[in-house]
Amino acid sequence: MNYAFDFSKYNNIAVFPHSSPDGDAIGSAVAMSMYLREIGKKSIIVIDDEIQYELRFLLDYTDFIGYDEAKKLCNDWDLCVTVDCGDLDRIARRKDLVEGKPLLNIDHHVTNPNFGDFNIVEGDAPSACEIIYFILKENAFDITKEIGEAIYTGMSTDTGNFMYENVRVQTFEVAAKLLSIGIDKAKIIYNLYQNNRAEKIKIHALAMDKITFHCDKKLAITHVDEKMFEETGASVLDTEGISESLRDIEGVEVSCFIKEKTLEDGTLQCKVSMRAMIGHDLSKIASDFGGGGHKAAAGFTIDEGKDRVKELLLEKFDI
Ligand code: AMP
Ligand code: MN
Ligand code: MN
């Protein structure tokens, strides 16, 4: 894999994690932007979403701006970098800001069509953060404690804390290197996994109560809707992890978690998060519905109510 990229020609660089950013998206954006500042560049991260509670500790590491502020600054950028984005639509309306500028695409989705002018896309990498580590090493950079913590965050969240099949020998080697430079692993783990909001636990409980099993109990489906958010006081950010809990039930091979909401014009819309054990390829199914992802974790958004979405999923799965 070629991780080489020469940043020397560029001086003002904007970094874009995907919409509804997860630990890997925020971790890789923070690591990349901090690195660019360390080597003397101007750099900023552009986000357009609320950040999950678990990841907010990373907001203190560097600077983030929203869409409106970015709109004012974007003419001065000479390079844009997307991280953890399987396709350019994953940055949603921020696509306007990138238009006409050289684009570096750093990603690990097998479905990535190499949409950048420059592409460092490694489908075998378990996280974009792991790729960032190798890019920084390729550029002979001594990774700082803070950059290491950002990288470790994404490596942990995209691998179920080093649990999934996608974890490779290098993943542990990188993690070991990061520990050896003195990153605060306890702080990362506390923030990510040991500081759950009560509202989160309550909406998880409601979702667990609604599980239905199909295909000889190999497929588990559940949902949350607006009523459940009202009842628990949870935010949509608190639903992170529900699809994983379903997948981890005895006998279950594939889980689907449906989040339903009503759009301003009254249309019902669902975001579907799918997870699978080894031997399935969810990225294909997600692509059929206009989404994408990995074999073991994929998703899509569809303008239908939850009952119809469940029917569509049941037609699709033959496991
Ligand atoms: P999620 O279930 O939202 O955590 O997403 C799981 C995986 O599917 C991630 O790797 C995403 O990149 C991918 N994914 C989720 N939603 C979409 C979408 N609407 N379009 C493309 N990829 C998606
Ligand atoms: Mn991601
Ligand atoms: Mn990722």
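1. A polar contact here is a pair of N or O atoms within 3.5 Å; within protein, one must be able to donate a hydrogen and the other to accept it, and residues adjacent in sequence count only if both atoms are side-chain atoms. With that in mind, ligand 1 has an oxygen atom 2.6 Å from a polar side-chain atom of serine 273. Lysine 271 brings a polar side-chain atom to 3.0 Å from an oxygen atom of ligand 1, and for histidine 294 the corresponding distance is 3.3 Å. The protein buries 83% of the 480 Å² that ligand 1 exposes when taken alone (Shrake-Rupley areas with a 1.4 Å probe; for residues, only the protein chains shown count as cover).

2. A word on conventions: the model is predicted, so local features need pLDDT of at least 70 and side-chain atom pairs pLDDT 80 or more, while totals for chains, interfaces and linings use all residues. Residues are numbered from 1 along each chain as its sequence is written, chains are lettered from A and ligands numbered from 1 in the order in which they are written, and side-chain values use heavy atoms, leaving out hydrogens and water.

3. Which residues come nearest to ligand 1? They are His109, Lys271, Ser273, Arg275 and Gly292, out of 14 around it (near means that a heavy atom of the residue lies within 4 Å). By class, this shell has three nonpolar, eight polar and three charged residues; Ala, Val, Leu, Ile, Met, Phe, Trp, Tyr, Cys and Pro count as nonpolar, Asp, Glu, Lys and Arg as charged, and the others, Gly among them, as polar.

4. Two or more shell residues each come from β10 (268-276), β11 (292-293) and β12 (297-302), and β12 gives the largest share, five residues. Strands (E, at least two residues) and helices (H or I, at least four) are DSSP runs numbered from the N terminus.

5. Seven of its nine residues are buried, so β10 is largely enclosed by the rest of the structure (buried is under 20% relative accessible area, exposed over 50%, partly exposed in between, with a 1.4 Å probe and protein chains only). It pairs antiparallel with β9 (residues 254-262) over nine bridges, and six bridges join β10 to the antiparallel β12; pairing requires at least two DSSP bridges. The β9 and β10 hairpin has five residues between its strands, where glycine 266 takes a positive phi near 95°.

6. Now the metals. Donors are N, O and S atoms within 2.8 Å of the metal (3.2 Å for Na, K and Ca); water is not among the atoms, so sites may look incomplete.

7. The manganese ion (ligand 2) is coordinated by His18 (NE2), Asp22 (OD), Asp22 (OD) and Asp84 (OD) at 2.1 to 2.7 Å. Histidine 18 is buried at 4% relative accessible area, whereas aspartate 22, at 21%, is partly exposed.

8. What bridges the manganese ions (ligand 2 and ligand 3)? Aspartate 84 does, and the ions lie 3.6 Å apart. This aspartate 84 is buried, at 2% relative accessibility, and aspartate 24 is buried at 0%.
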